[in-house]
Structure formats: C-alpha cells, structure tokens
Amino acid sequence: MISLLKFWVAFSLFLIGGQLVAPTLVFAEEQTSPSVEDFSNQLSLSVDSALAIDNESGQILYQKDDNQLHGIASLTKLLSLFVVYDAIHDGKLSMDTKVPVSKEVEELATLPGYANVPLKESKDFYTVSDLIDATIIGSANAAIVALAEEIGGSEQGFVSLMKDKLTELGISDYEIYTASGMKAQYLVTDNGDASSLDKENKMRARDILFLARELVKTYPEIQDRAQVSRKEFPVSKDETYELVNHNKFLPGLPHERSDIYGLKTGTEEEAGSCIIVITEIAGREVYAITMGADSDEARYGETNRLLDYLQNQLEWVTLQSKGEAITDGQTADISKGQSETTSLVYGEDVGLFVPHNYDLSNHIETSYSSAWQYNAKGRIVLNAPLDKDKAVNTVVTRVPFYDTLFNEPTLENTIYPTEDVLAINRFVHISRIMADMFEEWSNRLFASE
C-alpha cells in the first residue's frame with residue numbers, strides 16, 4: 001500500500017508538470033592529481049622562460065615562468081608583421097607596393113653586429129613582399145623599419161599601431177619601443193632625434209606565443225615564408241643578397257629537425273637567445289617558445305630537449321567523439337513528442353594531451369551545465385519539440401592535467417538528440433498519460449497478488 005502511495009505521489013508530480021531533478025553527475029577519486037606543473041617540473045631547462053601549447057585548444061603542455069615580462073628581441077617582428085598584414089588586408093598597400101628607404105634606414109641596414117640586409121636609400125625599388133621576406137627569413141631590422149615608416153609615417157608612429165594591436169588582442173602587460181626589437185636607443189623619433197632610452201621590448205612568453213598563434217591563424221602565408229631556409233633578396237638591379245633563415249631548425253641548416261615548421265628567433269643583450277617554433281605531437285600542431293638561453297647553441301640545445309620531452313612523454317587521448325552516445329548510454333524519454341524516445345550523442349570530438357600511463361579514470365570529473373530532468377522511472381526526460389541541431393545540454397569535464405592559455409580548466413562538449421521530434425497535441429498527450437497510468441497501476445496490482 002505504501003509503495004502504491006509513493007507511485008501516485010510521483011505520478012501526480014509528473015502530471016502537473018513537476019519533474020524529478022537528479023543531482024549533477026561527478027566521477028572522481030579522492031587522491032592527489034598530477035598536474036601540468038608537476039609534469040613541467042620534471043624537466044629543468046636552462047632558459048629564463050618557456051611554454052608549449054596545443055594550437056587548436058590552447059592546452060598548456062609545458063610551462064616555466066611564462067607569466068613574467070621578458071625581453072623578446074626580434075620576436076617583436078611577429079607583432080610588427082601583424083600590423084603590416086592588417087594594413088594589406090585593409091587595402092592600405094599591397095604585396096607589390098614599392099616602399100621607399102630613407103637615409104636613416106640605409107644607415108640602420110649597415111649597422112654592424114645586427115641582422116640586416118644591405119638596403120639602399122631609394123624611392124621605388126623594394127616591394128612590400130621583398131621586405132616581408134627579409135624580415136621573417138633574415139630578421140632584417142632595416143626591412144621592418146622601412147615598412148614601419150611607410151605604414152606609420154615614422155617608426156614611432158608605427159609603434160603606436162603595434163600597441164593598438166596588442167590592445168586589440170587583449171594584451172596589456174608589455175614594453176614596446178621599436179618595430180624591430182632592437183633597443184630603444186635605435187628608434188628614430190618623429191623629430192629626427194635618436195631615442196635616449198636604453199631599454200628593450202618586453203612581453204610575457206604566454207602573450208607573445210598567443211600573438212604568434214593568432215598571426216598564423218589570421219595570415220597563414222606568414223608560416224609558409226617562415227619555413228624558407230634560404231632566398232635571394234634583390235638589393236639593387238644588379239645585386240642580390242642571400243637571406244639565410246635565423247631559425248637553424250629548418251632544412252639544410254645546422255640544427256635541422258624535420259618536425260619544425262617555423263617560426264622566428266630573437267636575440268638581444270637582455271633578452272638573451274629566444275625562439276618560437278611550430279611542431280607536431282601525435283599529429284597535432286604545437287607551438288613552443290623558449291626565452292633567455294645564454295647562447296645560440298643553448299637556444300637550440302634547450303629547445304631540442306623541450307621538444308623531445310614533449311614528444312616522448314605525451315599522448316593524445318580522445319574523451320568523446322562526435323556522434324558517439326553519451327557516456328552513461330542513456331536514451332531520453334520525450335514529453336509531449338510524436339516520438340517517445342531519442343538517443344543522446346556528443347556534438348564534437350573532445351580530447352587532451354596527458355602523459356603516458358596517466359591514470360585518467362581516477363583523475364577525471366564530469367558534470368553537466370544543466371541538471372537533467374528525470375521522470376518517475378528514473379529516465380532522462382526532454383520536452384518536445386526537439387531539434388537535432390539544437391543542443392539539449394553541455395557536458396563539462398575536468399582533468400587535473402588540463403589547463404589552457406586562456407585559463408579555461410575544463411573541457412566542454414554539447415549534447416544533441418539524434419532526431420527532430422515534433423510536439424503532439426494536448427489530446428494525445430493526455431491519452432498517453434492515462435495509458436501509462438493504467439499500465440503501471442495494472443502491473444502493480446498483479447505484482448501484489
């Protein structure tokens with residue numbers, strides 16, 4: 001009798017629209033969880049700062065003091081080229097536009113001890129495309145300053161555009177003085193005087209790496225240019241100059257690695273030796289940066305150690321696949337629908353990098369952004385109409401090893417019904433309720449005999 005009363009209470013709640021709500025599902029074990037910080041601490045790099053991320057998700061794979069301002073030297077040129085490509089995109093110039101070279105830029109081009117191409121003072125010889133190649137392949141300071149003067153009216157004016165770009169990207173912690181990455185004392189100001197500041201451009205490793213990622217995503221041809229090992233640069237009608245890429249990981253260069261696809265080096269007194277590379281791990285594109293190595297050889301040696309460590313220690317694990325039934329395998333009952341049930345599937349492929357032999361089953365928490373509604377039978381209930389292209393919930397997964405460049409510590413995936421379901425009219429709905437009621441009542445009466 002008591003059980004029958006419980007049934008009628010549950011049924012009454014359902015009939016008036018009240019539906020039982022199940023608590024959020026959580027699967028976790030009470031034990032210490034290894035993190036990317038623990039993983040990173042197992043490799044001691046002789047650099048000031050380092051960071052590696054999965055390109056698509058932004059997942060952090062390795063980090064060392066990546067949140068501190070640090071000299072960026074010629075990595076600055078990635079920011080400068082972002083401004084240049086934006087100007088091309090906006091129609092302010094084209095790849096074929098002829099760029100004048102001022103007397104000051106010619107003098108900069110012959111400055112000893114700095115990466116350059118021997119530009120000559122001229123009005124209409126060098127194209128934007130030529131100067132971009134000189135900048136990204138040869139890291140030529142004078143080439144980017146010539147572009148800066150053309151776009152900004154002066155290098156100082158161009159630096160203002162660089163700062164605007166950083167603001168647009170959401171980057172606020174920086175010191176930017178020159179377009180080239182040279183010290184501030186080499187900036188020629190608007191009044192023609194040289195700057196007296198003995199300072200270098202600075203950014204955080206995570207910010208310059210994010211900028212590099214956004215640059216390549218927005219203007220992918222820059223990566224194509226960055227992979228060129230050598231190229232002839234036209235100095236004049238009768239003279240060429242061989243550009244040799246400063247990224248010695250590229251084919252035919254002293255530290256060649258077949259898995260490197262760019263991107264840029266930088267060297268300055270305070271910054272030390274820096275590099276940003278694009279590589280692959282488990283078939284996925286990965287960006288990595290090391291900053292502050294104490295020599296050119298150390299730059300490549302320590303970056304090699306980082307890349308080998310990541311490739312040997314990490315694997316990609318798919319947690320959920322697009323179109324796969326949700327983890328608990330439940331189908332849903334449909335309230336007021338022309339169909340009575342539907343399957344529930346994930347909307348996207350979701351995965352992450354973890355160390356080999358990572359005990360994922362004991363270090364994972366799963367919840368839903370909205371609590372499922374359940375009926376008296378303990379089944380998920382969805383209200384018609386349903387659209388197979390409209391999500392009915394979001395699954396949220398937390399793994400201690402997972403964090404991103406954007407401080408997003410969880411993975412999310414949408415859940416969809418597998419079919420469109422139209423709503424039924426009120427008469428059919430009431431008929432179904434009555435049929436279910438009598439079926440349940442009958443089952444309980446016969447079960448008690």
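Predicted model: local features only at pLDDT ≥ 70, side-chain atom pairs only at ≥ 80, totals over all residues.
Start with the inside. In soluble globular proteins, nonpolar side chains tend to be buried together. Here the largest nonpolar core has 110 residues. Within this core, L119 and L310 touch the most other members. Which helix gives the most to this core? Helix α3, residues 76–89, does, with nine residues.

Now look around L119. Set aside its neighbours within four places in sequence. L119 is then in contact with V101, V105, E106, A109, Y126, L131, A142, A143 and F233. There is also a second, separate core, made of 15 residues. Among them are I326, A332, Y346 and L382.

L131, one of the contacts of L119, lies in helix α5. This helix spans residues 128–136 and is mostly covered. Eight of its nine residues are buried. They are V128, S129, L131, I132, D133, A134, T135 and I136.

Go back to α3 and see how it packs against helix α6, residues 141–152. Their axes are 11 Å apart and meet at an angle of about 40°. Angles under 35 degrees count as roughly parallel, so at about 40° α3 and α6 are oblique to each other. Their crossing is left-handed.

Which residues make this contact? From α3 come K77, S80, L81, V84 and A87. From α6 come N141, I144, L147 and I151. By class, the contact has six nonpolar, two polar and one charged residues.

Definitions and conventions: Residues numbered from 1 in each chain as written. Heavy atoms only, no water. Core = buried A, V, L, I, M, F, W, Y, C linked by side-chain atoms within 4.5 Å. Buried < 20%, exposed > 50% of the residue type's maximum accessible area, 1.4 Å probe, protein only. Helix = DSSP H or I, 4+ residues; strand = E, 2+ residues; numbered from the N terminus. Contact = heavy atoms within 4.5 Å. Axes fitted to C-alpha atoms, helices over the stretch in contact; angles between N-to-C directions. Parallel < 35°, antiparallel > 145°, perpendicular 65-115°, else oblique. Left-handed = near helix turned anticlockwise from the far one by under 90°. Nonpolar A, V, L, I, M, F, W, Y, C, P; charged D, E, K, R; others polar.
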